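User: I would like to go through this structure by question and answer. Please keep it plain.

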Amino acid sequence: MQKNEGFMKALKCRECGREYPLEATHVCEFDFGPLEVVYDYARAKQTLTRKSIASRPQNMWRYRELLPIAGDPTVGFQVGFTPLVKADRLAKRLGIRELWIKNDTVNYPTLSFKDRVVSVALSRARELGFTTVACASTGNLANSVSANAAAAGLKAYVFIPADLEEGKVVNSLVYGADVIAIKGHYDEVNRLCAEIAGKFGWAFVNVNMRPYYAEGSKSMGFEIVEQMNWAIPQHTVVCMASGSLLTKIHKSYQESMKLGLTPETNYQIHGAQATGCSPISTAQKAGMDFFKPVKPNTIAKSLAIGTPADGFYALRVMRDTGGSAEDVTDDEIREGIRLLAECEGIFAETAGGVTVGVAKKLIASGKIPANDSAVLCVTGHGLKTLDAVVGHVGRTREIKPSLREFETLLDADQKVKR
Ligand SMILES: *Cc1c(COP(=O)(O)O)cnc(C)c1O
Ligand SMILES: [Zn+2]
């Protein structure tokens with residue numbers, strides 16, 4: 001008898017199309033192409049409708065037919081369904097008719113979009129019988145694996161570059177995870193993890209579990225479509241590390257159309273990087289199909305991947321949808337963080353500053369026309385990367401606990417204004 005794999009049919013190589021069983025494996029044996037989950041769309045269409053979705057709890061699993069687990073989810077009942085905020089004040093500042101923020105700074109429980117991918121990876125890891133989970137991380141993934149593994153009673157090993165922000169390190173240690181800091185950049189951490197994954201029987205969420213893990217990002221796209229009242233936005237701006245999130249937002253829009261949740265339409269997906277680590281945006285701007293690996297040097301550490309695993313496919317999505325890429329300097333990242341905070345009251349981490357800064361550039365250059373509507377994917381919370389903004393956000397002013405001192409301070413301000 002065939003195993004019940006839910007709505008999943010197989011893993012399939014993105015290059016040669018060979019199919020593989022639904023195990024903890026991620027590359028094709030013939031051409032090393034990445035494996036991707038294939039679904040039974042005809043069957044999914046019968047139960048995944050606007051009506052059925054609306055009747056389900058407000059978390060990422062309301063789209064469960066198109067998320068890669070066989071049975072019921074066991075991790076992530078509070079994850080997702082983050083706010084889509086209409087950002088009128090920021091729209092005015094950036095010079096665009098309509099702007100929305102998909103606010104994953106408040107994703108549960110670790111304040112970044114990584115809780116989506118980890119919910120899927122850990123649910124699937126349990127189905128496959130794993131008791132130890134692990135990851136190679138630029139920070140947020142480590143936080144999310146540590147927290148969600150703790151709550152699920154799984155053992156966790158997380159591997160990070162040794163130079164990460166203190167906030168990100170503490171945010172993994174506190175859950176009791178084994179945090180291993182590697183003296184090297186992310187690409188070296190990732191290479192080591194590939195070796196470890198081959199040797200130990202662990203579920204590495206973004207190595208051998210990557211085909212399942214990556215699909216979790218689609219929930220962000222499904223939510224955007226649902227929250228736009230079942231419409232795909234004209235423009236979506238997504239920050240890129242490996243480039244996976246960007247490709248999966250595209251896939252979620254395609255699947256939403258395929259299942260008839262939203263009408264067929266054109267849309268553009270734009271990619272955002274930090275200038276200090278911009279292999280994908282540099283290639284896009286030069287009109288290339290392939291990127292050149294780089295050595296990262298940026299305050300946007302969560303995006304600091306010099307050899308992006310999905311860079312090639314991210315370039316293809318931008319080309320196919322007519323989107324563009326741009327990158328921003330460290331100062332422009334800080335300005336993006338401040339703009340979003342001052343206009344909308346949302347404090348994003350450096351990756352969010354990248355998205356806002358890039359959106360500003362794309363609007364100014366007309367690549368996102370001023371008369372259109374755009375959604376910016378803001379993916380992580382600012383309290384995680386305080387080091388990046390300390391000293392760049394104004395100063396506190398200290399006075400004695402005396403009314404007279406306060407009045408003197410106000411008088412001085414008034415004089416400056418006059
Ligand atoms: C991991 C991460 C991303 C992008 O991840 P991809 O590897 O491109 O899918 C974006 N923002 C934040 C805050 C992240 O932690
Ligand atoms: Zn193949």
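User: What is the volume of the second largest pocket?

Analyst: This is a predicted model, in which local features need pLDDT of at least 70, side-chain atom pairs count only at pLDDT 80 or more, and totals for chains, interfaces and linings use all residues. Residues are numbered from 1 along each chain as its sequence is written, chains are lettered from A and ligands numbered from 1 in the order in which they are written, and side-chain values use heavy atoms, with hydrogens and water left out. A pocket is an open set of points on a 1 Å grid over the protein atoms alone, where a 1.4 Å probe fits, with protein on both sides within 12 Å along at least five of seven lines. Its volume is the space filled by probe spheres set on the points, joined across faces, edges and corners. For the second largest pocket this comes to about 470 Å³.

User: Which element gives the largest share of the lining of the second largest pocket?

Analyst: Lining residues have an atom within 4 Å of a point, and this pocket has 18 of them, with Arg 14, Glu 36, Tyr 41, His 250 and Lys 251 nearest its centre. Helices (H or I, at least four residues) and strands (E, at least two) are DSSP runs numbered from the N terminus. Strand 1 (8–13), strand 3, helix 10 and helix 12 (311–321) each supply at least two lining residues. The largest share, 7 residues, comes from helix 10.

User: How many charged residues line the largest pocket?

Analyst: About 940 Å³ of space lies in the largest pocket. Among the 50 residues lining it, Arg 210, Ser 242, Ser 244, Ala 309 and Asp 310 are closest to the centre. Ala, Val, Leu, Ile, Met, Phe, Trp, Tyr, Cys and Pro count as nonpolar, Asp, Glu, Lys and Arg as charged, and the others, Gly among them, as polar. The lining has 25 nonpolar and 16 polar residues, and its charged residues number 9.
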